Amino acid sequence: MQFEVWAPYAARVDMRLNEGTVPMERDPGRDGWWLADAEAAEGDRYGFLLDGGPAVLPDPRGRRLPDGPDGLSAVTAVTAPPPAPVPAADAPGSGPSGLPPVSYAPRRRVPLQDAVLYELHIGTYTPEGTFDAAAARLGHLVSLGVTHVELMPVCPFPGRHGWGYDGVAPWAVHEPYGGPEGLDRFVAAAHGHGLGVVLDVVHNHLGPSGNHLPSFGPYFTDTHHTPWGAAVNLDAPGSDEVRAYFIGSALAWLRDHGIDGLRLDAVHALADGRAVTFLEELAEAVDALAAETGRPLFLIAESDRCDPRTTTPREAGGTGLHAQWNDDFHHALHCALTGEDQGYYADFAAAPLAALAKVITRVFFHDGTWSSFRGRSHGRPVDRRRTPAHRFLGYSQTHDQIGNRALGDRLSASLPPGLSACAAALTLTGPFVPMLFMGEEWGARTPWQYFTDHVDPALGDAVRAGRRREFAAHGRSEADVPDPQDPATRDRSCLDWTEPDREPHARLLAWYRTLIALRRTQPDLRDPDLGAVRVAFDEERRWLTFRRGDIRIAVNLSPEPVTIALGRNGVRVLAAWDPVDHPGPDGRVHLPPESAVILGP
């Protein structure tokens, strides 16, 4: 078989294959590339010696690192996934690793505009922290009604446990989770349940330990600096090959592992001054793969720019990504629920229901307005006439918004169940594509904390000290901040699967199921027309109602009952957190404290 590597810095490259060494030759047709032909079998270990060593480095495009980022790569067969599997209903648990046996048949692919996403971290979704253990719990997501699982990053990083954003091998899969074969089994199981799979990928930096790319070539540049140091080289000399490296990785997840979409981490941190940006090039490549395969592939950006051009089609002058996270919706909702006003919440907290009304109708709170957190104006307005609502994701909780708190506390740690129910109603009936964070659907009491497993003691000490120093600056005692390196911090963050069957969790879970079912069966709740959304609210009495077609949604965030005039429109109660009478002839609805109701014809 043929091996190849891009190593423009090297004058000589040798390949170590098992116990032997194979000299490589320059590729005359590609500058900086080296080639070698050698007999190799599945699982054989290999790596590259640059200018004689001393270290044997893993393949930057290697698909498997059985011994971690500092070990050798392993030869791994790459084949396109078979058609989506369908579990055999009459033989549960009899397949490999306890998974149901599968037969293969086409599955219905849910487009992004009709989706409900579920963000999931493989390492803490179950105590085992593996793809197979997570796959065994997919039935819960089917009964919940979500359409896609959004996996947090799965690329290799040093140690066993971590969030995944310190990955260092963008073509490979973290071995403790189950490696590439484990990922393929998970995707097959998800597809068999009718669930799509979205994968979070990181292109703006690599982790601080185990990153060998700088030894091979100009993967990074000092032209720009990021919070993580030197920037990924997207616009300096050599950047054509660097772009091809990351675009190739992205396409490999979609093509070779059957992933249905990618979430792109912090695209605002991509330093890129070229006329055609990396994101445009990536979006064009993914659209071409979708056309080639007949699969509706998509890209979802995380961006704090509040810039609709991120998802504006390329032919209209935009980047052409398919959707983006909307943190402004989260911030407005969080302030309305909790009253918090520190940091970036300050602008939203001044009048939180007004802020929430603005983001429900106009998407971004910061659409050219002053941002006190940034000390400048921020954002750009969304053209509601031309921009469909499904270009944006809405959520009340994410891994960032929970895990970046000092204690990793969820909304359920401080909110009564009724306000959690209001958060669910606003998210799942709102105009944006809803996304949940694992466990929120039953009000999980387990935190989701920041945890690491750095094998370098000095790096582990630095992370621990930095985390505590960060929160001490905000008035936290350093002793209160969990130690990221302590294995107990990860263990505390694992979901407790005995909770969903117990109260008060079971009631909240039933509410989530009801809301998701309504979103699926009521076309008005999936209407992409932002201009048709109408909102009314009372800041002092703490109620808000909005209209989507013939559907009305009303929430009372107050500890007192309220009466809301909806108008004489003949709507009736479709679902309510607490018992609510149908509106009378006067069109008024009486809402109990901390409660939500959905009304329709």
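Colleague: What makes β17 and β20 a pair of strands?

Modeller: In this predicted model, strand β17, residues 323–325, and strand β20, residues 392–394, share two bridges in the parallel sense. Two strands count as paired if there are at least two bridges between them, so β17 and β20 with their two bridges qualify.

Colleague: Which residue of β20 is the bridge partner of W325?

Modeller: L393 is the bridge partner of W325.

Colleague: Where do β17 and β20 sit in the barrel order?

Modeller: Eight strands close into the barrel, in the order β10-β11-β12-β15-β16-β17-β20-β21, and the pairing is parallel. From one strand to the next the twist averages 30 degrees.

Colleague: Which strands does helix α4 lie across, and at what angle to β12?

Modeller: Helix α4, residues 179–192, lies across β11 (148–151) and β12 (196–201). The helix runs at about 140 degrees to β12.

Colleague: What makes the pairing of β22 and β23 a pairing, and in which sense do they run, parallel or antiparallel?

Modeller: Strand β22 (residues 534–538) and strand β23 (residues 543–548) have five bridges in the antiparallel sense. The cut-off is at least two bridges, so the five bridges of β22 and β23 meet that condition. V535 stands opposite F546 in β23. The hairpin of β22 and β23 has four residues between the strands, and R542 there takes a positive phi near 65 degrees.

Colleague: How do you know that the span of helix α12 agrees with its number of residues?

Modeller: Helix α12, residues 417–428, has 12 residues and should span 16 Å at 1.5 Å a residue. The expected span is 1.5 Å times one less than the number of residues. The end C-alpha atoms of α12 are 16 Å apart, so the two values agree.

Colleague: Why is α12 called mostly covered?

Modeller: In α12, 11 of the 12 residues are buried. Among them are G418, L419, S420, A421 and C422.

Colleague: Why is T427 called buried?

Modeller: T427 is found in helix α12, and its relative accessible area is 3%. Buried means under 20%, so T427 at 3% is buried. A polar atom of the T427 side chain lies 2.9 Å from the backbone oxygen of A423. Not counting residues up to four places away in sequence, T427 touches F329, L333, G394, Y395, S396, P434 and M435.

Colleague: Why does A271 count as buried?

Modeller: A271 has 17% relative accessibility. The limit is under 20%, so A271 at 17% counts as buried. A271 has its place in the loop between β15 (261–264) and α7 (278–293). Leaving out residues up to four places away in sequence, A271 touches H224, A231, V232, L234 and D235.

Colleague: How far apart are A271 and A575, in sequence and in space?

Modeller: A271 and A575 are 304 residues apart in sequence, and their C-alpha atoms are 47 Å apart in space.

Colleague: What is noted about phi of A266, and is A266 buried or exposed?

Modeller: Phi of A266 is near 40 degrees, a positive value in a residue other than glycine. A266 lies in the loop between β15 and α7. Its relative accessible area is 7%; with the limit at under 20%, A266 is therefore buried.

Colleague: Why is V363 called buried?

Modeller: The relative accessible area of V363 is 0%, which is under 20%, so V363 is buried. V363 has a positive phi of about 80 degrees although it is not a glycine. The place of V363 is in the loop between α10 (352–362) and β18 (369–371).

Colleague: Which residues of the largest nonpolar core touch the most other members?

Modeller: The core has 147 residues, and L141, F186, W253, L262, L356 and W511 touch the most other members. Helix α6, residues 239–256, gives the most to this core, with nine residues. W511 touches A421, A424, A425, A575, A576, W577 and A596, not counting residues up to four places away in sequence.

Key:
Residues are numbered from 1 along each chain as its sequence is written. This is a predicted model: local features need pLDDT of at least 70, side-chain atom pairs count only at pLDDT 80 or more; totals for chains, interfaces and linings use all residues. Side-chain values use heavy atoms; hydrogens and water are left out. Axes are lines fitted to C-alpha atoms, for helices over the stretch in contact, and angles run from 0 to 180 degrees between N-to-C directions. Contact means heavy atoms within 4.5 Å. A nonpolar core is a set of buried Ala, Val, Leu, Ile, Met, Phe, Trp, Tyr and Cys residues joined through side-chain atoms within 4.5 Å. Buried means under 20% relative accessible area, exposed over 50%, partly exposed in between (1.4 Å probe, protein chains only). A polar contact is a pair of N or O atoms within 3.5 Å; within protein, one must be able to donate a hydrogen and the other to accept it, and residues adjacent in sequence count only if both atoms are side-chain atoms.
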